[in-house]
Amino acid sequence: MTIYDEVLAAKKQFEGVVFPTPLTENRNISDEFDAKILLKREDLQVVRSYKIRGAYNKMNSLSVNEKDNGIVCASAGNHAQGVAYSCHLLGVFGKIYMPKTTPKQKIKQVQLFGKSFVEIVLVGDTFDDAYASAVDDATRNNKKFIHPFDDLKVIAGQGTVGLEILSDYKNPIDYVFVPIGGGGLASGLSEVFRELSPKTKIIGVEPLGAPAMKTAIAAENNSPLVRIDKFVDGAAVKQVGNLNFDICRKNLDDIILVPEGKVCTTILRLYNEEAMVVEPAGALSIAALDFYKEKLKGKTVVCIVSGSNNDIERTAEIKERSLLYEGLMHYFTIQFPQRPGALKEFVNDILGADDDITYFQFKQKNNRESGPVVVGLELKNRTDVLAIKEKMTQKGFQYSYLNDNEELFMQLIG
């Protein structure tokens, strides 16, 4: 069987279990790009991501003995929820390994979907730690390991997203923007489009801080990245799957890297303007449109909104990253003169009427004449920072600009 045949077979298994999600035009985004922008709303799945498709298809393909023996998986979020829900539906016991750093909200959701059919084991600080423990458990106890992406049945399950798109929209589609983590969704979807709509360009999207697929394809070698930014947790992996690598380097027309701050801006915009709650990985495809703006005019474009499992406790960080990316949040260390009225002079003579101090922290004094202060400023316009720097120089306030010093920024602000 070809991968496309596997996708067709997967679709037949989903009746009454995995329901099609809407494909709808977003007028605001369409107007912005002078194009027809269609959103495939996988964030509306029962587990709030497309991951149920691959997890269920894989688990449903197991033999009776394999199901009776139980399964093992590792995940920091969406895959775990898809596996847990599949365990409940199929009556299969699953042991799910998750990092100790996993937010409580996600742990609770996994238990909610799996009910009495899952056991959650928290181990290590990273997905890699959880993955190693899960594989070891599966090997020692002869249990099936349900891989999040590097598996033919998982790829085929995710590929049903492509079947639904082409079933719902009969006219030609020029572009599909698809997020990439391990590559399961991009692999399955691209195989469907190569079979049924070969003229459609498939554009993969990765976070700038975790470009595993783009790096591997460029190097023609699927080697792991040394380090990644884990912020876009649903798409931040050090190494893509081997199957996924082979399929994507053949099928993808391009891969765009989107800065994490741009992702945050998109999350906030979708919430404020569209009342959509999306996770960082779910915002990737829409965030990528800006980097293809000139090519999209007059085109029909599909963006896969892959999930909505966003932890509300991350809201402050999302806003911060967005403001930094947009050039509206700035941090300085400033040597304040140790005399009465120095702070008042800074506020009245250097800051504008719309500038807001959001962070103010005294550090240990260096000498009697001045004392270092870490100051965070939120501005209305990105160019206003130039005037602030100039005024501080004129007024004799010695400063260091932290936004351009990543190492010092992380030490002082974190």
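Guide: What follows starts with the second largest pocket and then moves out to the chain and a few of its residues. The model is predicted, and the values below are computed from it.

The second largest pocket holds about 690 Å³ of space. Its lining is made up of 15 residues, and those closest to the centre are Arg321, Leu324, Glu406, Phe409 and Met410. Three helices each supply at least two residues of this lining: H12 (260-274), H15 (315-325) and H18 (406-412). Among the contributors, H15 gives the most, with 5 residues. By residue class, the lining divides into 6 nonpolar, 3 polar and 6 charged residues. As background, empty space of this kind is found by rolling a probe the size of a water molecule over the atoms.

Now the chain around the pocket. The protein chain has 18 helices and 14 strands. Its radius of gyration is 24 Å, close to the 22 Å given by the globule rule for 414 residues, so the chain is as compact as a globular protein of that length. Along the principal axes, the C-alpha atoms fill a box of roughly 80 × 55 × 40 Å. Of the 414 residues, 53% count as buried. Taking the contacts with a separation of 6 or more, 74% are between residues 24 or more positions apart. The accessible surface of the chain comes to about 19000 Å², and carbon and sulfur atoms account for 48% of that area.

Asn244 lies in helix H11 (residues 242-251). With a relative accessibility of 0%, Asn244 counts as buried, because the cut-off for that class is under 20%. Setting aside residues up to four places away in sequence, Asn244 touches Phe149, Asp150, Ile155, Gly182, Gly183, Gly184, Ser187 and Met213. Asp151 is 93 residues from Asn244 along the chain, yet their C-alpha atoms are separated by 8.5 Å.

Asp137 lies in helix H7 and counts as buried at 2% relative accessibility. Leaving out neighbours within four places in sequence, Asp137 is in contact with Val72, Lys95, Tyr97 and Lys143. Asp137 and Pro179 are 42 residues apart in sequence, and their C-alpha atoms are 30 Å apart in space.

Arg48, in the loop between strand S2 (36-41) and helix H3 (51-60), has a phi near 65 degrees, a positive value in a residue other than glycine. Its relative accessible area is 26%, and Arg48 is therefore partly exposed. Asn142 sits in the loop between helix H7 (127-140) and strand S6 (144-145). The phi of Asn142 is also positive, near 55 degrees, in a residue other than glycine. With a relative accessible area of 64%, Asn142 is exposed.

Definitions and conventions: Residues are numbered from 1 along each chain as its sequence is written. This is a predicted model: local features need pLDDT of at least 70, side-chain atom pairs count only at pLDDT 80 or more; totals for chains, interfaces and linings use all residues. Side-chain values use heavy atoms; hydrogens and water are left out. On a 1 Å grid over the protein atoms alone, a cavity is a set of points where a 1.4 Å probe fits but cannot get out, and a pocket is an open set with protein on both sides within 12 Å along at least five of seven lines; lining residues have an atom within 4 Å of a point. Grid points are joined across faces, edges and corners, and a volume is the space filled by probe spheres set on the points. Helices (H or I, at least four residues) and strands (E, at least two) are DSSP runs, numbered from the N terminus. Ala, Val, Leu, Ile, Met, Phe, Trp, Tyr, Cys and Pro count as nonpolar, Asp, Glu, Lys and Arg as charged, and the others, Gly among them, as polar. The radius of gyration is taken over C-alpha atoms; the globule rule is 2.2 Å times the number of residues to the power 0.38. Buried means under 20% relative accessible area, exposed over 50%, partly exposed in between (1.4 Å probe, protein chains only). Contact means heavy atoms within 4.5 Å. Accessible areas come from the Shrake-Rupley method with a 1.4 Å probe; for residues, only the protein chains shown count as cover.
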